[in-house]
Amino acid sequence: MTPTARPSARPGARLAAALALAGSLVLYRLPLRHRVAALRPVGRLRYADPAVLAERHDAVLAVVPRWWPGRIACTEVALATVLACALAGCRADLVYGARHLPDAAHAWAEVPGGAAGRDTGDAVDRPWTAVARFPERVNPI
């Protein structure tokens with residue numbers, strides 16, 4: 001994924017985003033159960049503000065290397081955004097979603113009150129439906 005206009009980000013956010021993107025690329029080489037296990041501790045953090053989520057998402061997009069020979073698409077960017085939020089001490093959920101006509105799959109990061117990477121392209125006319133969310137929300141007893 002190479003955005004045409006790279007967003008700018010603060011140096012501290014860029015460093016966290018670069019570390020998170022590297023972690024995301026490593027985690028995506030592992031089976032899903034390992035990615036889920038890696039995100040479990042993130043569920044203990046408080047949710048990030050939508051502005052913080054947007055800042056972290058922009059920072060991840062800013063550090064995506066153009067020379068990278070492999071895949072860096074929505075799934076890798078969404079996981080990197082969640083990890084970048086965790087490095088900032090706050091939580092975001094990794095959401096996998098789908099839509100119909102034509103069938104498509106997508107991933108984005110989400111917090112109550114906002115999402116990053118969800119509404120891209122024609123998502124306004126054909127909204128995404130969340131299928132899976134990690135870390136799983138735990139209802140207090």
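Tutor: Start with pairing: two strands pair if DSSP finds at least two bridges between them. This is a predicted model. In it, A98 stands opposite T129 in strand 4.

Student: How do you know that strand 1 and strand 4 pair?
Tutor: Count the bridges. The cut-off is at least two. Strand 1 and strand 4 have five bridges, in the antiparallel sense. Therefore they count as a pair.

Student: What makes strand 3 and strand 4 edge strands?
Tutor: Strand 3 (114-116) and strand 4 (129-134) each pair on one side only. The sheet is open, with four strands in the order 3-2-1-4. The pairing is antiparallel. From one strand to the next, the twist averages 35°.

Student: What packs on the sheet?
Tutor: Helix 4 does, touching strand 1 and strand 2. The direction of helix 4 makes about 10° with that of strand 2.

Student: Why is C85 called buried?
Tutor: Buried means under 20% relative accessible area. C85 has 0%, so the term applies. Across the chain, 43% of the 141 residues count as buried.

Student: Which residues touch the most other members of the largest nonpolar core?
Tutor: That core has 35 residues, and L21, L39, L53, L79, V82 and L94 touch the most other members. Helix 4 (74-87) is one of the elements that give two or more residues. So are helix 1 (11-27) and strand 1 (93-99). The largest share, eight residues, comes from helix 4.

Student: What does V82 touch?
Tutor: Leave out residues up to four places away in sequence. V82 then touches L39, V42, A92, D93, L94 and A109. Contact here means heavy atoms within 4.5 Å.

Student: How many of the chain's contacts join residues at least 24 apart?
Tutor: Among contacts between residues at least 6 apart in sequence, 75% do.

Terms used: Residues numbered from 1 in each chain as written. Predicted model: local features only at pLDDT ≥ 70, side-chain atom pairs only at ≥ 80, totals over all residues. Heavy atoms only, no water. Buried < 20%, exposed > 50% of the residue type's maximum accessible area, 1.4 Å probe, protein only. Core = buried A, V, L, I, M, F, W, Y, C linked by side-chain atoms within 4.5 Å. Axes fitted to C-alpha atoms, helices over the stretch in contact; angles between N-to-C directions.
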